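Work through the exercises below with the model open in a viewer. Each task is followed by a stepwise solution.

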Amino acid sequence: MKNVERLLNIYNYFDSVIITDEKGVILYYTNMRTDIYDLKENDIIGKTILDIHPELTEETSSIMRVLRDGKPIYDQIEHLTTKHGQNVTNLYSTLPIINNGQIIGAIDLARCIQGNERQNIVFPIKYAIEKKGLYHIEDIISTSSAMKVTKSKIPKIANTDSSVLIYGETGTGKELFAQAIHTYSSRHDKRFVSQNCAAIPSSLLESILFGTVKGCYTGAEHRSGLFEVANGGTLFLDEINSMELNMQTKILKAIEEKKVTRIGGTEAIPIDIKIISAVNENPLVCVKEKRLREDLYYRLNVVQIDIPPLRERVGDIKYLTDHFICTYNIKMNKSVLGISDEVDEIFMNYSWPGNVRELKNIIEGAFNIIGSRFIQKTDLPSYLTHRFEAEKRKFEKDMENMSLSEKVCRYEKKLIIQALDSTHSLAEAAKKLKISKQALSYKLSKYELK
């Protein structure tokens with residue numbers, strides 16, 4: 001245990017350390033912030049983290065995931081409730097302890113975060129230590145209750161062969177979800193193959209997906225298509241609503257028959273793949289407007305995942321901002337601490353039409369020209385500030401033409417969304433708003449937030 005104390009002296013950034021055995025039983029615990037987190041050593045030694053925090057599960061506990069997968073989890077944010085009802089927000093990293101190739105335990109290091117302190121976070125362990133390979137569930141960063149529900153579906157659908165349709169606006173992270181489904185599945189050691197179907201002519205897309213036989217057209221060679229390449233694994237077809245209808249027919253046939261024939265060939269090639277597809281528009285609207293075949297829609301939509309846009313989960317904006325600042329601090333060797341109050345106001349009230357991708361690009365752009373430890377308004381692209389000011393003027397004009405009850409409803413809806421995004425359950429959100437759970441449930445129906 002002297003080595004542990006030495007580790008704490010080196011990493012004085014952390015407030016607490018937990019060390020477990022291979023079954024998750026806690027062997028060592030130290031906590032330097034008993035003013036925030038009231039658990040003592042005799043409350044925790046000999047128990048598992050699931051015993052200590054019943055709100056955690058095998059899937060949501062980083063310790064249990066690390067013990068299962070043997071993969072470290074860096075610089076994540078978690079929310080816990082102590083036995084006395086204290087709400088605690090931690091920045092944590094969890095690493096496996098490996099001896100002779102065997103996982104013999106895990107070490108969890110955490111720092112308590114309070115109020116505005118999160119703007120001063122400098123992440124200690126390199127979350128972006130150039131993680132190779134595909135995304136995992138823990139890479140989907142969110143505190144939104146809607147996103148938590150969406151993420152909880154991944155383990156349930158990952159190990160089935162059913163097709164999955166992901167619906168989300170451009171920039172919401174559809175491929176991230178597709179990769180997380182694959183990496184969680186029994187197919188994780190097979191290929192994950194991704195193809196964006198937008199703006200690719202049917203003739204070219206057909207050869208890409210189904211492959212070619214030499215001589216079928218000028219310059220054609222024997223080449224496997226993506227269906228063959230993904231055999232045994234997962235094929236992700238993004239923006240399938242942009243695919244021409246005649247190509248959609250061929251896709252449907254291949255999925256139904258579980259075999260493909262190369263262009264110019266005669267031999268049917270059996271395939272065993274999980275199909276994940278994505279659309280960036282409401283799929284029912286696409287079907288109605290005949291941009292997505294109805295029969296293909298029903299075949300792909302065995303399970304549907306809806307990713308809410310960033311403007312509907314404003315609580316995620318701060319967390320994602322912190323994450324991207326951490327990422328670019330490492331990549332660009334800088335020490336940016338956060339964003340200014342002025343930028344915070346813009347971020348929290350902007351509509352984010354480009355969603356998470358837009359936020360990431362804006363943070364990266366600011367890092368290229370930043371001249372202080374905090375991102376300022378002058379570091380933002382001009383289009384963003386101009387669009388924000390236009391949205392602000394429109395909002396103020398709309399408010400002038402609203403009745404008092406309409407203004408109250410609009411403000412109430414905003415407060416409810418913020419409460420839902422910053423809590424873990426309906427009961428917690430109701431408590432934060434100081435209303436009953438039944439009253440909140442009624443308002444969710446009223447504002448179509450369910």
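**Exercise 1. Find the volume and the lining of the largest cavity.**

Solution. The model is predicted.
- Step 1: take the volume, which is about 160 Å³ for the largest cavity.
- Step 2: check the count. One cavity reaches 30 Å³ or more.
- Step 3: list the lining. It has 16 residues. Ile18, Ile49, Glu78, Leu80 and Asp108 lie nearest the centre of the cavity.
- Step 4: assign elements. At least two lining residues each come from β1 (16–21), α4 (62–69), β3 (73–81) and β5 (102–113).
- Step 5: sort by class. The lining holds nine nonpolar, five polar and two charged residues.

**Exercise 2. Which residues touch the most other members of the largest nonpolar core, and which elements supply this core?**

Solution. 
- Step 1: the largest nonpolar core has 32 residues. Leu209, Phe210, Phe227, Leu235, Ile240 and Ile251 touch the most other members.
- Step 2: Helices α7 (202–210), α8 (226–229), α9 (245–257), α10 (283–288) and α11 (294–300) each give at least two residues.
- Step 3: find the largest share. Five residues of this core come from α9.
- Step 4: take Phe227 and set aside its neighbours within four places in sequence. Phe227 is then in contact with Leu209, Phe210, Leu235, Ile251, Ala254, Val260, Ile271, Ile273 and Ile275.
- Step 5: look for a second core. A separate one of 28 residues includes Ile339, Ile346, Ile363 and Ile375.

**Exercise 3. Count the aromatic pairs, then describe Tyr297 with Tyr298 and Tyr328 with Phe367.**

Solution. 
- Step 1: the count is six aromatic pairs.
- Step 2: Tyr297 and Tyr298 lie 5.1 Å apart, centre to centre, with 55 degrees between the planes. This pair is tilted.
- Step 3: compare burial. Tyr297 has 7% relative accessibility, so Tyr297 counts as buried. Tyr298 has a relative accessible area of 52%, so Tyr298 is exposed.
- Step 4: the ring centres of Tyr328 and Phe367 are 5.9 Å apart and the planes stand at 50 degrees, so this pair is tilted too.
- Step 5: Tyr328 sits in α12 (residues 315–332) and Phe367 in α14 (residues 355–369), so the pair ties together parts 39 residues apart in sequence.
- Step 6: check burial again. Tyr328 is buried at 3% relative accessibility, and Phe367 is buried at 0% relative accessible area.

**Exercise 4. Which residues do ring pairs link into a cluster?**

Solution. Follow the ring pairs: they join Phe347, Tyr350 and Trp352.

Note on methods:
Residues numbered from 1 in each chain as written. Predicted model: local features only at pLDDT ≥ 70, side-chain atom pairs only at ≥ 80, totals over all residues. Heavy atoms only, no water. 1 Å grid on protein atoms, 1.4 Å probe; cavity = no way out; pocket = protein on both sides within 12 Å on 5 of 7 lines; lining within 4 Å. Points joined across faces, edges and corners; volume = space filled by probe spheres on them. Helix = DSSP H or I, 4+ residues; strand = E, 2+ residues; numbered from the N terminus. Nonpolar A, V, L, I, M, F, W, Y, C, P; charged D, E, K, R; others polar. Core = buried A, V, L, I, M, F, W, Y, C linked by side-chain atoms within 4.5 Å. Buried < 20%, exposed > 50% of the residue type's maximum accessible area, 1.4 Å probe, protein only. Contact = heavy atoms within 4.5 Å. Phe/Tyr/Trp six-rings, centres within 6.5 Å; stacked < 30°, edge-to-face > 60°.
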